[in-house]
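Please walk me through this protein model, one step at a time.

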Amino acid sequence: MRPRSLVVVANRLPVDDSQPDGACEWRRSPGGLVGALHPLLRREPATWVGWAGGTGPAPTLPDVDGVRMVGVPLSEEDVRDHYEGFANATLWPLYHDAVEQPVHHRRWWEAYRRVNQRFADVVAETADPDAVVWVQDYHLQLVPALLRERRPDVRIGFFLHVPFPPPELFMQLPRRSELLAGMLGADLVGFQRAQAAHNFAQLATRLLDLTASDEQIQVGDRTVRVGAFPVSIDMAEMATLADRPDVLTRARRWRGDLGDPRHVVLSVDRMDYIKGIEQRLKAYSELLADGRLKVHDTALVQVAVPSRERVAQYQVLRDRVEREVGRINGEFGRVGEPAVHYLTQPFDRAGLAALYRVADVLAVTPLRDGMNLVAKEYVAARVDDGGALLLSEFAGAAAEFTDAFQVNPHDLDGLKRTLLAALQASPTELRRRMRSMRDHLREHDIRAWARSYLTALDETGGLADRLTSS
Ligand code: ADP
Ligand code: G6P
């Protein structure tokens with residue numbers, strides 16, 4: 001059999017075409033999806049179909065590292081109603097336990113359908129015969145079924161990077177059956193956690209009256225496979241970076257710039273209400289007020305890069321976070337010693353690695369998160385087996401990192417107690433925990449993820465071998 005070619009379909013194209021010489025390079029972050037797929041695609045001549053970020057006709061883009069970049073054009077209205085509306089003000093909050101109220105508008109649904117159809121059309125015209133088409137994430141849930149109508153020859157995978165909610169929440173969606181049927185156009189539907197696969201199977205039975213288990217769903221004469229495939233990172237890449245002399249020098253310099261405190265606590269998030277930034281700031285400020293932490297001893301570095309800035313809930317969040325950081329600094333900071341070092345800038349990979357090496361504790365405390373790759377990057381970066389990971393039980397990563405200091409971020413007293421426990425743990429205990437998390441990550445890195453998903457999708461196994469061979 002001829003080897004199958006690969007088409008990745010995601011809302012965003014992972015490129016930056018704003019280079020002065022018209023060249024194009026990878027734009028990896030911030031955001032977990034591109035970070036996860038980037039290390040794989042550098043090895044395989046693939047096609048990536050997505051939105052280049054602007055409005056109007058799609059730009060013609062050069063290949064990047066052998067990956068063909070195919071743009072899908074979006075109008076101003078599409079961006080407003082599909083990306084900012086249905087994807088990020090209806091589905092995103094609903095899929096994250098409705099920690100913010102999901103908003104419903106009928107015209108957003110129309111835009112979601114229209115844009116999904118356009119993506120499916122571009123893929124239908126782009127994919128080679130018998131290609132493997134790998135559709136990513138909640139923006140494109142209708143694409144599998146729409147694509148199948150036009151291209152029954154291709155093998156279709158769908159992977160959801162975010163949580164898939166329990167039936168009680170999903171049932172709130174006015175167009176719930178259509179969304180499910182859209183995903184069921186795939187041959188394989190993958191989730192981060194087994195619970196999500198279970199929720200999906202239950203809904204298929206309840207809403208579409210299908211015969212379903214947590215492993216497979218019968219749709220007419222097709223069997224759709226379902227499963228959990230927890231996404232990961234390129235551990236070796238981050239570990240190598242974090243051990244580079246210039247990165248270590250930068251880490252030492254930053255510790256000095258922070259005033260050589262006894263402890264450095266770090267958080268790195270997209271500015272998103274799911275990340276629990278406000279809860280964490282509140283816990284920190286209470287510890288300062290109680291006198292259990294002192295600004296002179298402990299530095300908190302909060303990196304929060306702005307995201308989805310035209311969506312109302314994100315604007316409100318940013319205002320609230322910045323007001324709170326100002327209040328904490330006003331109340332507890334000293335001259336030359338702010339209580340919170342607050343940065344909204346993007347960092348390059350080496351900069352992130354240096355931050356991870358400075359941090360005695362990385363605090364990852366989302367209210368709900370599909371996986372959280374920042375937690376995995378930190379573990380990968382700690383080649384010294386040092387540092388402590390404070391991790392919310394509601395992040396997908398918690399199922400894997402059972403040796404993290406796990407917390408319920410809604411429980412402020414628990415959050416304070418566990419942060420102190422992480423700061424006060426003995427080096428031996430920290431080493432034991434970090435080693436065990438590193439052992440797990442080594443076995444479950446991005447190549448293992450791609451291998452298990454693509455082997456399940458492409459029964460010939462050829463594509464998985466090509467993408468994951470070292
Ligand atoms: P999400 O997918 O919700 O954004 P993840 O933690 O899974 O959350 O992934 C975030 C990705 O974005 C990580 O790879 C992280 O390194 C990157 N990132 C987050 N903040 C920054 C930043 N300020 N600069 C550069 N990269 C960032
Ligand atoms: C999460 C989502 C991705 C998304 C990323 C960044 O990781 O799962 O699909 O690309 O956030 O968000 P943005 O809205 O900037 O694409």
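Domain bounds here come from an automatic or database domain assignment. On that basis the protein is divided into domain 1 (6-232 + 446-468) and domain 2 (235-443). Their C-alpha centres lie 29 Å apart.

A word on the source. This is a predicted model, in which local features need pLDDT of at least 70 and side-chain atom pairs count only at pLDDT 80 or more, while totals for chains, interfaces and linings use all residues. Residues are numbered from 1 along each chain as its sequence is written, and chains are lettered from A and ligands numbered from 1 in the order in which they are written.

Start with the whole protein. It has 17 helices and 17 strands. Helices (H or I, at least four residues) and strands (E, at least two) are DSSP runs, numbered from the N terminus. The radius of gyration is 22 Å, close to the 23 Å that the globule rule gives for 470 residues, so the protein is as compact as a globular protein of that length. That radius is taken over C-alpha atoms, and the rule is 2.2 Å times the number of residues to the power 0.38. Along its principal axes, the C-alpha trace spans about 65 × 45 × 45 Å.

Now look inside. Buried residues make up 50% of the 470 residues. A residue is buried if 20 or more other C-beta atoms lie within 10 Å of its own, exposed if 12 or fewer, and partly exposed in between; the C-beta atoms are placed from the backbone. Contacts tell another part of the story. Two residues are in contact if their C-beta atoms, placed from the backbone, lie within 7 Å. Among contacts between residues at least 6 apart in sequence, 72% join residues at least 24 apart.

Where do the domains touch? 23 residues of domain 1 are in contact with 20 residues of domain 2. On the domain 1 side, helix 1 (32-41) and helix 2 (76-95) each supply at least two residues. Helix 1 gives the largest share, 4 residues. By class, this side of domain 1 has 10 nonpolar, 9 polar and 4 charged residues. Ala, Val, Leu, Ile, Met, Phe, Trp, Tyr, Cys and Pro count as nonpolar, Asp, Glu, Lys and Arg as charged, and the others, Gly among them, as polar.

9 strands form an open sheet in the order 5-4-1-6-7-8-11-10-9, with mixed pairing. Strand 5 and strand 9 (211-212) stand at the edges, each with a single partner strand, so one side of each is left without a neighbour in the sheet. Two strands pair if DSSP finds at least two bridges between them. Strand 1 (residues 6-12) and strand 4 run parallel, joined by 4 bridges. There, valine 8 stands opposite tryptophan 48. Strand 4 (residues 47-51) is also joined to strand 5 by 4 bridges, and these two run parallel. Valine 49 stands opposite valine 70 in strand 5.

Stay with strand 5. In a regular strand the side chains alternate between the two faces of the sheet. Strand 5 (residues 68-71) has a covered face, Met69 and Gly71, and an uncovered one, Arg68 and Val70.

Is helix 13 enclosed or open? In helix 13 (residues 373-381), 9 of the 9 residues are buried, so it is largely enclosed by the rest of the structure. Among them are Leu373, Lys376, Glu377 and Tyr378.

The loop between helix 13 and strand 16 (388-392) holds aspartate 385. Its phi is near 60°, a positive value in a residue other than glycine. Most residues other than glycine have a negative phi. Aspartate 385 is partly exposed, with 15 other C-beta atoms within 10 Å. Aspartate 130 has a positive phi too, of about 65°. It lies in the loop between helix 3 (106-126) and strand 6 (132-136). With 16 C-beta neighbours inside 10 Å, aspartate 130 counts as partly exposed.

Finish with helix 15 (residues 427-443), where arginine 433 is found. This arginine 433 has 22 C-beta neighbours inside 10 Å, so it counts as buried.
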